[in-house]
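Here are a few notes to read alongside the model. Please keep the viewer open as you go through the points.

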Amino acid sequence: MTKHNNVVPNGHFKKHWQNHVKTWFNQPARKTSRRIARQKKAVKIFPRPTAGPLRPLVHGQTLKYNMKVRAGRGFSLEELKAAGIPKKLAPTIGISVDHRRKNRSLESLQANVQRLKTYKAKLVVFPRRACKAKAGDSTPKELATATQVQGQYMPVVLEKPTVELVKITDEMKSFKAYNKLRVEHTNERHVGGC
């Protein structure tokens, strides 16, 4: 019999933990099946790029991420108009469209219009029927040399910041940074004093 005001012993030790073990033995098989599915999809959507439609360059939201450029959902109607591509035609030639997006800066508008023009210049349009070619379709010579683009098409490339090298002068060597910081800190504290 236990004495004093203790916790009533109530330990749950027989939990049958073997019944709840999560294994991951199917990982290699899943990897294989995913690869086969990607290959089947590539054959099915030939000659379109495997990565899907072309995406615009956009800046991330909020103060933390707005300096980073990433791929967006779709091109705005203003960008398509500036590039001379009808909004109904764009999805049929592998360009994603986002009718809700607004262009708030001229730089991003021009960058995306240039992206569209580059894409359009490289584009090879297959005729819907092999025997009947319409206006806007590519020539038979271009069709013969066309290949499917594997992986990301026109990926987002970030510019690396350049570092400027400077010769160290005697003035720089003699400069006492810590002392300067302390003096400025003191000056800031005494602003407005008599």
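The points below go from the core to salt bridges, backbone and surface.

1. **Ground rules.** This is a predicted model, in which local features need pLDDT of at least 70, side-chain atom pairs count only at pLDDT 80 or more, and totals for chains, interfaces and linings use all residues. Residues are numbered from 1 along each chain as its sequence is written, and side-chain values use heavy atoms, with hydrogens and water left out.

2. In soluble globular proteins, nonpolar side chains tend to be buried together. Here the largest nonpolar core has 14 residues, and Leu-54, Phe-75, Leu-80, Ile-85, Ile-95, Leu-116 and Tyr-119 have the most contacts inside it. The elements giving two or more residues to this core are α3 (77-83) and α4, with the largest share, 4 residues, coming from α4. A core of this kind is a set of buried Ala, Val, Leu, Ile, Met, Phe, Trp, Tyr and Cys residues joined through side-chain atoms within 4.5 Å. Buried means under 20% relative accessible area, exposed over 50%, and partly exposed in between (1.4 Å probe, protein chains only). Helices (H or I, at least four residues) and strands (E, at least two) are DSSP runs, numbered from the N terminus.

3. **Leu-80 up close.** Setting aside residues up to four places away in sequence, Leu-80 touches Phe-75, Ile-85, Lys-87, Ala-90, Ile-95, Val-97 and Leu-116. Contact here means heavy atoms within 4.5 Å.

4. **An aromatic pair.** The whole structure holds 1 aromatic pair: Tyr-119 and Tyr-153 sit edge-to-face, 5.7 Å centre to centre, with 70° between the planes. The pair links distant parts of the chain, with Tyr-119 in helix α4 (residues 106-122) and Tyr-153 in the loop between α5 and α6, 34 residues apart. Tyr-119 is buried, at a relative accessible area of 6%. For the rule, rings of Phe, Tyr and Trp (its six-membered ring) pair if their centres lie within 6.5 Å; planes under 30 degrees apart count as stacked, over 60 as edge-to-face and the rest as tilted.

5. **Salt bridges.** How many salt bridges are there? The count comes to 3, taking a salt bridge as a side-chain nitrogen of Lys or Arg within 4 Å of a carboxyl oxygen of Asp or Glu. Arg-101 meets Glu-79 at 2.9 Å, N to O, and Glu-79 is buried, with a relative accessible area of 0%. Arg-100 bridges to Asp-98, with the closest N and O atoms 3.4 Å apart; Arg-100 is exposed at 53%, whereas Asp-98 is buried at 9%. Lys-180 pairs with Glu-184 at 3.2 Å, and both lie in helix α7 (residues 177-189), 4 residues apart, about one turn of the helix.

6. **Backbone spots to check.** Most residues other than glycine have a negative phi, and most peptide bonds are trans. His-16, in the segment before α1, has a positive phi of about 55°. Thr-62, in helix α2 (residues 62-65), has a phi near 65°. The peptide bond from Phe-46 to Pro-47 is cis, with omega near 5°.

7. **A surface patch.** Val-166, Ile-168 and Met-172 form a nonpolar patch on the surface, with about 320 Å² of accessible area together. Patches are made of residues with over 30% relative accessible area and no salt bridge; like charges are joined within 9 Å, and nonpolar side chains (Val, Leu, Ile, Met, Phe, Trp, Tyr) within 5 Å. Accessible areas come from the Shrake-Rupley method with a 1.4 Å probe, and for residues only the protein chains shown count as cover.
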